[in-house]
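Here's a quick briefing for anyone opening this structure for the first time. Have a look at the picture, then read on.

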Amino acid sequence: MAKLTLDDLRKMRGERQKAMEMRDNSNKDAQVIVGMGTCGIAAGAKEVFTTLIDTLTEKGLTNVLVRQTGCMGLCHAEPTVEVVVADMPTVIYGHVDAATAKEIVEKHVIGKAIVEAKILEKPSVDIVKEK
C-alpha cells in the first residue's frame, strides 16, 4: 500500500466533511430519509444512500438533509426512501435502486415533481394541494 501524503489526507478529510454536512439538519429545506433496517440493507439501501449523497454533491445541493432510519415497516418494498420537500406532500418510494435514487434527486428534490412509477405511499388526494 502506498503511503498517503498530507495532500491526500486533506482531500480525504474534505470529502468526509462534505458527506457529514449533508447529515447536519441546520439550514435544510428538504429531507431524504433512507430505511436502513436489516431488511433495507439486505435489499441494497447502502448503495441507495451512497447514490443519494453522491448525486446531491454532484448537483451542488447543500440544502437537503440526508439521513437514515430503521425499518419503516415496509419490508416487502425495500429499499424505501421517504422524501420531505417544502410545499409538497411527503412521499415514500419503494423498490428504490441507484437509478431511481438519482431520479428522486433530479425530479422530486430539484424539479418538485413526484416520481410516479416508484410511489409506495403518499397522502390522500384530499390533502394534496392542486397547483
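Leaving aside residues up to four places away in sequence, Lys107 touches Lys112, Ala113 and Val115 (contact means heavy atoms within 4.5 Å). Lys107 sits in helix 4 and is partly exposed, with a relative accessible area of 43%. Keep in mind that this is a predicted model: local features need pLDDT of at least 70, side-chain atom pairs count only at pLDDT 80 or more, and totals for chains, interfaces and linings use all residues. Residues are numbered from 1 along each chain as its sequence is written, and side-chain values use heavy atoms, with hydrogens and water left out.

**A few terms**

- Helices (H or I, at least four residues) and strands (E, at least two) are DSSP runs, numbered from the N terminus.
- Buried means under 20% relative accessible area, exposed means over 50%, and partly exposed is in between (1.4 Å probe, protein chains only).

**Salt bridges**

- How many salt bridges does the structure hold? There are three, each one a side-chain nitrogen of Lys or Arg within 4 Å of a carboxyl oxygen of Asp or Glu.
- Lys107 shows up again here, with its side chain meeting that of Glu103 at 2.9 Å, N to O.
- Lys107 and Glu103 are about one helical turn apart, because they are four residues apart in helix 4.
- Glu103 is partly exposed, at a relative accessible area of 25%.
- Glu106 pairs with Lys59, and their closest N and O atoms are 3.5 Å apart.
- Glu106 belongs to helix 4 (residues 98–110) while Lys59 is in the loop between helix 3 (45–58) and strand 2 (64–69), so this pair ties together parts that are 47 residues apart in sequence.
- Glu106 is partly exposed at 39%, and Lys59 is partly exposed at 38%.
- Asp7 bridges to Arg10, with 3.8 Å between the closest N and O atoms.
- Both Asp7 and Arg10 lie in helix 1 (residues 6–21), three residues apart, which is about one turn of the helix.
- Asp7 counts as exposed because its relative accessibility is 55%, whereas Arg10, at 46%, counts as partly exposed.

- Five strands make up an open sheet, in the order 2-1-3-4-5 and with mixed pairing (two strands pair if DSSP finds at least two bridges between them).
- Strand 2 and strand 5 (119–121) are at the edges with a single partner strand each, so one side of each has no neighbour in the sheet.
- On average, neighbouring strands of this sheet are turned by 30° against each other, direction ignored (axes are lines fitted to C-alpha atoms, for helices over the stretch in contact, and angles run from 0 to 180 degrees between N-to-C directions).
- Strand 4 (residues 91–93) and strand 5 run antiparallel and are joined by two bridges.
- Which residue is the bridge partner of Tyr93 in strand 5? That's Ile119.

**Helices on the sheet**

- Helix 3 packs on the sheet and touches strand 1 (30–35), strand 2 and strand 3 (81–85), with its direction making about 170° with that of strand 2.
- Helix 4 lies across strand 1, strand 2, strand 3 and strand 4, and runs at about 25° to strand 3.
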